[in-house]
Amino acid sequence: TLERVVPGYEVRDLSQESGRRLALADWLVHADNPLTPRVLANRIWHYHFGNGIVSTPSDFGWMGAAPSHPELLDWLAGWLLDHHWRLKPMHRMIVLTNTYRQSSDFRQSAADLDADARWLWRFPPRRLMAEEIRDTMLAVSGQLDRRRGGAGFRLYRYLQDNVATYVPLDRHGPETYRRAVYHQNARACRTDLITDFDQPDCAFSTAKRAQTTTPLQALTALNHSFTMDMATAMADRLEGPSRSLPEQIGLAFELCFGRPATPSELAKCRGFVAQTSLADLCRVLLNTSELTHIR
């Protein structure tokens, strides 16, 4: 059991709060504590693959799930300690592995044995998180503000009468085009585009996000003023100086999907633009599964 391998947590001096916090921190990262590096390594793996080696990231106890690859988890924990708890080297190491870089192509013979790909016979496709979907739209449209640091932004208006009220913005102006990590989220505010794609309640700690598929997601992503603005900005970016329509469509596919358009896709897109507009095509591309999923 854990009690046999982890030194007991003990605070001798209860007079100072800082001393109690320091004692807890020392206990967490103690060289004889095997739990903390495993939990951290599992979280990193979870965020890259959509599911951790232990699928219950906040429960490594008897009620939690057993690790799918216990030896790998032990090795990752040891690797993390050997690199002095530095996270960037571990991120780099994972994304350069053949396991991470393999295709997500489906094989029935493998699926018959491991339908959930827990044994990693393919890269498990996963949908981007809510904030990532928003930031991706900003990036491909050329509107993402990449400035670091400084004040954040709000996607709501804060009103205060007898009680505090948070009113979602009808339109998201350029002052909100920073990465979602700078969004000043409010516990009582529901921000449609982000909340509809399963952003968890920020009042609670959420180790593993739910992932739902609802009609409201499609309706919001297709018709929200933010999507309309991003589609228009993306069309302006594609038009550029003396760029032909096939070149514009090809650039759109490169920006959205990281690949060239096939001849069939190119022909269909040209016909669609002839009937509607380039901005409408951009609006369609911003709502495709290929854009919002990692495969």
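This is a predicted model: local features need pLDDT of at least 70, side-chain atom pairs count only at pLDDT 80 or more; totals for chains, interfaces and linings use all residues.

Trainee: Okay. How many helices and strands does the chain have?

Mentor: It has 15 helices and four strands. Both are DSSP runs numbered from the N terminus: helices are H or I with at least four residues, strands are E with at least two.

Trainee: And what box do the C-alpha atoms fill?

Mentor: Roughly 75 × 65 × 35 Å, taken along the principal axes.

Trainee: What share of the residues is buried?

Mentor: Of the 295 residues, 34% are. Buried means under 20% relative accessible area, exposed means over 50%, and partly exposed is in between, with a 1.4 Å probe and protein chains only.

Trainee: Switching topic. How many charged side chains are there?

Mentor: There are 35 positive and 33 negative ones. Lys and Arg count as positive, Asp and Glu as negative; His and the chain ends are not counted. The centres of the two sets lie 3 Å apart. Each charge is placed at NZ of Lys, CZ of Arg, CG of Asp or CD of Glu.

Trainee: Let's zoom in. Which residues of α14 are buried?

Mentor: Helix α14 spans residues 278–285, and its buried residues are L278, L281, C282, R283 and L285. They pack against α10 (215–223), α11 (225–239), α12 (245–257), α13 (263–275) and α15 (289–292).

Trainee: How do α10 and α11 sit relative to each other?

Mentor: Their axes come within 5 Å and cross at roughly 45 degrees. The axes are lines fitted to C-alpha atoms, for helices over the stretch in contact, and angles run from 0 to 180 degrees between N-to-C directions. The two helices are therefore oblique to each other. Under 35 degrees is roughly parallel, over 145 roughly antiparallel, 65 to 115 roughly perpendicular, and the rest oblique.

Trainee: Which residues meet there?

Mentor: T220, A221, L222 and N223 in α10 meet S225, T227 and M228 in α11.

Trainee: Is T227 buried or exposed?

Mentor: T227 is buried, at 0% relative accessibility. Leaving out residues up to four places away in sequence, T227 touches M137, T220, A221, L222, R283, L286 and N287. R283 is also one of the buried residues of α14.

Trainee: And T220?

Mentor: T220 is buried too, with a relative accessible area of 10%. With that sequence limit, T220 touches D192, L193, D196 and T227. As for L193, its C-alpha atom is 9.4 Å from that of T227, and the two residues are 34 apart along the chain.

Trainee: Last topic: backbone angles. What stands out about L120?

Mentor: L120 has a positive phi of about 60 degrees, though it is not a glycine. Most residues other than glycine have a negative phi. L120 is in the loop between α7 (108–113) and β1 (126–127), and it is buried at 16% relative accessibility.

Trainee: What about S242, buried or exposed?

Mentor: S242 is exposed, with a relative accessible area of 78%. Its phi is positive as well, near 50 degrees. You'll find S242 in the loop between α11 and α12.

Technical notes. Residues are numbered from 1 along each chain as its sequence is written. Side-chain values use heavy atoms; hydrogens and water are left out. Contact means heavy atoms within 4.5 Å.
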